[in-house]
Each structure stands twice: as C-alpha cells, then as structure tokens.
Amino acid sequence: MDDASTLIDVKEYPDTEVQKNRVLTLEEWREKWVDGKIGFHQEQGHQLLKKHLDTFLKGENVLRVFFPLCGKAVEMKWFADRGHCVVGVEISELGIREFFTEQNLSYSEEPIMEIPGAKVFKSSSGNISLYCCNLFDLPRVNIGKFDRIWDRGALVAVNPGDRKCYTDIMLSLTRKGFRYLLAVLSYDPTKHPGPPFYVPDAEIKNLFGSTCNIHCLEKVDVFEERHKSWGIDYIVEKLYLLTEK
C-alpha cells in the first residue's frame with residue numbers, strides 16, 4: 001500500500017474489534033434525516049474531492065459515477081454539470097427529495113419493481129438517478145456498471161459486520177479501468193462507538209487488496225468543535241485511490 005507524504009502521524013489502534021458488533025438499523029438512519037442529525041452532510045462539497053478531482057476523472061468525459069449512501073451530496077450536481085451520468089443509492093427519501101429541491105432540479109419518481117416499496121428518483125435532464133432503497137438490495141436491480149465510485153460517508157457508515165458484503169457489491173459494479181475514490185476516518189475507536197466507524201489501513205487492504213491497487217492520496221486533520229462531544233480529541237480523514245490490478 002503506497003502512502004502519501006504527510007506531517008500527520010496517525011496512530012493505528014490495535015483493538016480494531018471494539019466496534020465490530022455495532023449495528024444501526026435503516027430506521028435509525030431515516031430518523032437522523034427526520035431529526036436533522038446530518039452532521040455528515042457537507043454543504044460546500046468535499047474539499048479533498050475538489051483537490052484530487054483531476055486524478056479521479058483522469059480527463060475522461062461522459063463517465064458513469066456511483067455514489068453509495070449518497071444523502072444529498074452536492075457533488076452529484078457537480079458531476080452532472082460536467083456531463084457525467086450520476087447514480088446514487090440512499091435509504092432516506094427525505095434526503096433524496098432535499099437534494100433535488102436544494103439543487104433546484106425537477107425530477108420524476110417511479111417504483112422499483114424488483115424491490116417492494118423502493119423508488120427511483122430521476123432528474124428531468126436524465127443524468128441523475130437516485131435509488132431509494134437498502135443498498136444491499138441493489139444487486140436485484142440492473143443499474144449497470146460504473147467508471148467511477150465516490151465513497152465518502154459510505155464505507156464508514158456501513159455496519160462493520162457488513163463491510164465484506166458491501167465491498168463485494170461495490171466491486172461488482174465496476175467497469176474495467178475503474179477509479180474508486182474512498183474517504184475514511186481515523187480516530188480512537190475506544191472513545192466513540194460510531195458511526196462514522198473507524199476504518200484502519202489493514203481493513204482497507206483486507207477488503208480491497210486482492211483486486212485493487214491502493215494508494216493513499218492524502219491525510220487531513222478534520223477535527224471540529226462538534227467532535228468534542230464524541231469524546232475524541234482528534235480525527236483524521238484519509239483519501240485513497242483504488243484502481244484495477
């Protein structure tokens with residue numbers, strides 16, 4: 001695993017099992033949206049994605065870009081405005097509707113026949129499709145394969161016991177020559193139960209190492225005042241670029 005040169009020395013905790021049995025239900029995630037407890041949402045978009053956008057896109061046009069657990073990420077509009085096709089999946093219908101409203105985009109909705117109770121929301125322009133369903137149900141729907149995956153707030157939100165299944169789904173959606181940008185967080189997992197969950201380097205290597213080249217692009221201190229309530233005193237975001245072996 002290549003590592004970026006950095007002044008940030010991130011301690012890898014040996015006790016990575018401390019969060020392994022932590023489980024959040026889909027209903028709990030929906031409630032976070034209803035209650036406005038969405039501190040994970042970034043209104044200005046993700047700064048590391050902006051910084052490394054050229055590395056991610058590699059100058060290619062009309063790409064299919066997948067956003068797992070997309071929420072109302074403003075970056076979906078960025079990519080659509082550049083002419084790319086965006087597909088996301090999100091359990092909160094409220095989050096999806098807020099995305100279209102806040103981005104001033106008209107849209108239609110229709111049921112997903114393969115998944116009872118699920119819906120897909122499509123922008124009138126046709127290049128944004130957001131699936132409102134459990135991500136683990138997604139393989140039932142033929143959504144095609146993707147050139148790019150932007151995984152920010154997804155792997156760190158999936159229940160730790162589901163990571164292998166999640167990774168298998170993500171990799172099954174990739175096209176030849178894909179580029180997968182992954183953001184994870186490092187902090188003391190003995191002080192905060194998650195989510196977001198702590199994902200160490202060894203876990204990334206275990207999940208993706210057999211099929212992907214793994215390169216750490218950057219490590220950034222993202223500690224904010226709100227993190228003090230988590231009981232932690234530091235939090236570092238790591239950005240990885242995963243490419244086909």
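**Terms and their grounds**

Trainee: What makes strand β9 (residues 236-244) largely enclosed by the rest of the structure?
Mentor: Eight of the nine residues of β9 are buried, so the strand is largely enclosed by the rest of the structure. Buried means under 20% relative accessible area, exposed means over 50%, and partly exposed lies in between, with a 1.4 Å probe and protein chains only. Of the 245 residues of the chain, 52% count as buried.

Trainee: What kind of model is this, and which conditions apply?
Mentor: The model is predicted: local features need pLDDT of at least 70, side-chain atom pairs count only at pLDDT 80 or more, and totals for chains, interfaces and linings use all residues. Residues are numbered from 1 along each chain as its sequence is written, and side-chain values use heavy atoms, with hydrogens and water left out.

Trainee: Why are β3 (107-111) and β8 (212-221) called edge strands?
Mentor: The open sheet of nine strands has the order β3-β4-β5-β2-β1-β6-β7-β9-β8, with mixed pairing. β3 and β8 each pair on one side only, and they are the edge strands. Elsewhere in the order, β4 (residues 119-123) is joined to β5 (residues 128-132) by four antiparallel bridges, with Y131 in β5 as the bridge partner of V120.

Trainee: How many helices and strands are there, and what makes a run count as one?
Mentor: The chain has seven helices and nine strands. Helices (H or I, at least four residues) and strands (E, at least two) are DSSP runs, numbered from the N terminus.

Trainee: Why is the contact between E98 and K72 called a salt bridge?
Mentor: A salt bridge is a side-chain nitrogen of Lys or Arg within 4 Å of a carboxyl oxygen of Asp or Glu. For E98 and K72 the N to O distance is 3.0 Å, so the pair qualifies. E98 lies in helix α5 (residues 93-102) and K72 in the loop between β1 (64-67) and α4 (75-81), so the pair ties together parts that are 26 residues apart in sequence. K72 is buried at 8% relative accessible area, while E98 is partly exposed at 23%.

Trainee: Which other pairs qualify, and how exposed is E225?
Mentor: E224 and R226 form a salt bridge, with their closest N and O atoms 2.8 Å apart. K228 and E225 meet in another, at 3.4 Å, N to O. E225 has 59% relative accessibility and counts as exposed, whereas K228, at 48%, is partly exposed. The whole structure has 20 salt bridges, and E93, R97, E109 and K119 are linked in a network of them.

Trainee: How do you know that the chain agrees with a compact globule?
Mentor: With 245 residues, a compact globule would have a radius of gyration near 18 Å, and the chain has 17 Å, which agrees. The radius is taken over C-alpha atoms, and the globule rule is 2.2 Å times the number of residues to the power 0.38.

Terms used
Pairing = 2+ DSSP bridges.
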